[in-house]
Amino acid sequence: MERASRRAFLGAAGAAWSGAAMAALQPDEPDLVVFNANVYTVDRAQPRAEAFAVKGERFVAVGSNDDVRSLIGRRTQTYDARRMTITPGFIDTHNHPVGDVLLYEVLVGNPFEVEFVTIDSIVEKLAAKVRTLPPDTWVSGHFFDDTKVKDKRQLVMADLDRVSREHPVVVNHRGGHTAFYNSRAFALAGVTKATPNPPGGTYDRGPDGELTGRVTDTAMDVFDNVGRRPTFSPEETARRARDGLAHISREFARYGLTTVHHQGGDLAALQDVRARGDLKHRVSYEPIGPVLEAMIRAGLKTGFGDDWIRLGATFEHTVDGSFSERTLAWSKPFPGRTPPYYGNLVEDQPTLDAWVERVHRAGIDVNCHANGDRAIASALTAMERAQRLFPRPEARFKITHCTLVNPELVRRIRALDVTPACFTTYAYYNTDKFGFYGEDFMRNAMAFRSFLDAGVNVAAGSDFYPGPFAPLMGIQGMVTRTGWNGETWGANQRITPAEALRVNTYNGAYASREEALKGSITPGKLADYVVLADDLTAVAPEKIKDIQIVRTVTGGRTMYQA
Ligand SMILES: [Zn+2]
């Protein structure tokens, strides 16, 4: 018998015997006891603890130092937390995990933190890339944020012409709805200052009528099929997908995330990364397109999978436009626009009703992207209708972003037990964009206080890559509603650190029907937790985001250590 197959044999057949033997010898002996800790369990039956024990992937005891230390056996490892704070692992219920972009592309902004860059630094990074590429091949920059530029002006075509005049150059805004192009790109696409704007998009022009280089929404489409793109073999594409996922999984662990709801992505690569031992967080996989269709055809419902990769609700089904880029469907006219503009509702009610009903009947939880009050009402109408026609008591509806609400919408959300997956880091990261909407709007936006007061299971949805995903930055924003620039918006929606902790843990588990499995430090649940250098309820609120993540543990395994 070869070594590998012998090991496989022992692994498969031996696990049950040795496990049973161990259990018989030491029924209660945990693998690990953590003691002398300041534990916030997020379990209402026992909110605080000093110690807990882990066996296999699960918590087996939670309590006082004396109680839990009495379980220490000969083989038990111990960890003295030295009064550090321990919370359940953080759960992000809305994330586009573009690890391949982080790993292989030119990043012209900071994906993770507020950082101001110069236009010169963007030009230099792209110019370095140009030197590796033949003419007419695209050069792309990612994670640009127009309000995080030291130069205090817009990026323009002339800047990108400094990168190259032989290569098409694009700088993508991290929000995903706008991009900036150089003159070679415009020439290849055949767009001039005389080209009319397409429906749902613009080629922006300056006061002189000349193209500025900025292009919005559907107008970006004409650049898709011109110029040459770097090409990869199928093997190389698969390798990049795997390495990208492994990379972003490390980043998630670094920031304390133990579960992330993925917006689509390469499902095969995800399984490969897990098989090779590089998946450091649990995934609720939210399907779109062929994967969703295959699920409906094959009868795969929300909940299928295991504790590491499980099919969740759907990918966000778009009902309206963007909050940060100001195209959400609002009941009031947008300030300063003539003729009056109410944002973009992208699907009519009968079309949305039909999509929601079809998914709901298939046993798959419905997840709609809705930012504006008109869009949220439309999503709720479709969800209420589906549940009326085909009642599914186990269904967990989800509205991604769910940004602008009013008391009537909150009441309907509560009645249907919908989870709003609200923006988290925006309250800190994007305050430079809230002036456009004004305080009246912001008092009803990202309405964590209103939701919690009404008994709604509001959860945290970072929407990385438009927003950073750091849970502690998100918690700081929920607690202070104050941004990096010192501006405070909608202070009436502040929640306490303890409430924000619950939003970022238990409520996320509930959103994917996994609240019996994770989301709190409770005996029997998966041992997913984070060790923090400071107590997030005791530090100054404006320091929460700077608390060091000392250790991230998923299923009893240390996935990150500072
Ligand atoms: Zn999204």
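Two strands count as paired here if DSSP finds at least two bridges between them, and helices (H or I, at least four residues) and strands (E, at least two) are DSSP runs numbered from the N terminus. Everything shown comes from a predicted model, in which local features need pLDDT of at least 70 and side-chain atom pairs count only at pLDDT 80 or more, while totals for chains, interfaces and linings use all residues. Residues are numbered from 1 along each chain as its sequence is written.

**View 1. Strand β8 lies at an edge of a four-stranded parallel sheet.**
Welcome to the open sheet with the order β8-β15-β16-β17, where the pairing is parallel. Its edge strands are β8 (90-95) and β17 (309-311), each of which pairs on one side only. Neighbouring strands here are turned by 20 degrees against each other on average, direction ignored; axes are lines fitted to C-alpha atoms, for helices over the stretch in contact, and angles run from 0 to 180 degrees between N-to-C directions. The partner of β8 is the parallel strand β15 (residues 257-263), joined to β8 by four bridges. To find your way along the pair, look for Phe90, whose bridge partner in β15 is Leu257, and then for Asn95, which is bridged to His262 in β15. Is β8 enclosed by the rest of the structure or open? Six of the six residues of β8 are buried, so β8 is largely enclosed by the rest of the structure. A residue is buried if 20 or more other C-beta atoms lie within 10 Å of its own, exposed if 12 or fewer, and partly exposed in between, with C-beta atoms placed from the backbone.

**View 2. Six strands make an open sheet with mixed pairing.**
Read across, the strand order is β3-β2-β7-β23-β24-β25. At the edges stand β3 (48-49) and β25 (557-561), each with a single partner strand, so one side of each is left without a neighbour in the sheet. Strand β7 (residues 85-88) pairs with strand β23 (residues 529-532) in the antiparallel sense, over four bridges. A handy landmark is Thr85, which stands opposite Leu532 in β23.

**View 3. Helices α7 and α8 cross in a right-handed sense.**
Helix α7 (residues 234-254) packs on helix α8 (residues 267-275) at an angle of about 60 degrees, and their axes are 9 Å apart. That makes α7 oblique to α8; angles under 35 degrees count as roughly parallel, over 145 as roughly antiparallel, 65 to 115 as roughly perpendicular and the rest as oblique. A crossing is right-handed if the near helix is turned clockwise from the far one by less than a right angle, and left-handed if anticlockwise. On the α7 side you will find Ala238, Ala241, Arg242, Leu245, Ala246 and Ser249, which meet Ala269, Leu270, Asp272 and Val273 in α8. Contact requires C-beta atoms, placed from the backbone, to lie within 7 Å. The residues of this contact divide into seven nonpolar, one polar and two charged. Here Ala, Val, Leu, Ile, Met, Phe, Trp, Tyr, Cys and Pro count as nonpolar, Asp, Glu, Lys and Arg as charged, and the others, Gly among them, as polar.

**View 4. Helices α11 and α12 cross in a left-handed sense.**
Helix α11 (residues 373-389) and helix α12 (residues 407-415) pack at about 30 degrees, with axes 11 Å apart. That makes α11 roughly parallel to α12. Asp373, Ile376, Ala377 and Leu380 from α11 meet Leu409, Arg412 and Ile413 from α12. Five nonpolar, no polar and two charged residues take part in the contact.

**View 5. Pro497 belongs to helix α17 (residues 497-503).**
Pro497 is partly exposed, with 19 other C-beta atoms within 10 Å. Leaving aside residues up to four places away in sequence, Pro497 touches Ile475, Val479, Leu536, Thr537 and Ile544. Thr480 is 17 residues from Pro497 in sequence, and the two are 9.5 Å apart in space, C-alpha to C-alpha.

**View 6. Arg82 and His401 have positive phi values.**
Arg82, although not a glycine, has a phi of about 50 degrees. Arg82 sits in the loop between β6 (77-80) and β7 and is exposed, with 11 other C-beta atoms within 10 Å. For His401, phi is near 80 degrees. His401 is part of strand β20 (residues 398-401) and counts as buried, with 28 C-beta neighbours inside 10 Å.

Key
Contact = placed C-beta atoms within 7 Å.
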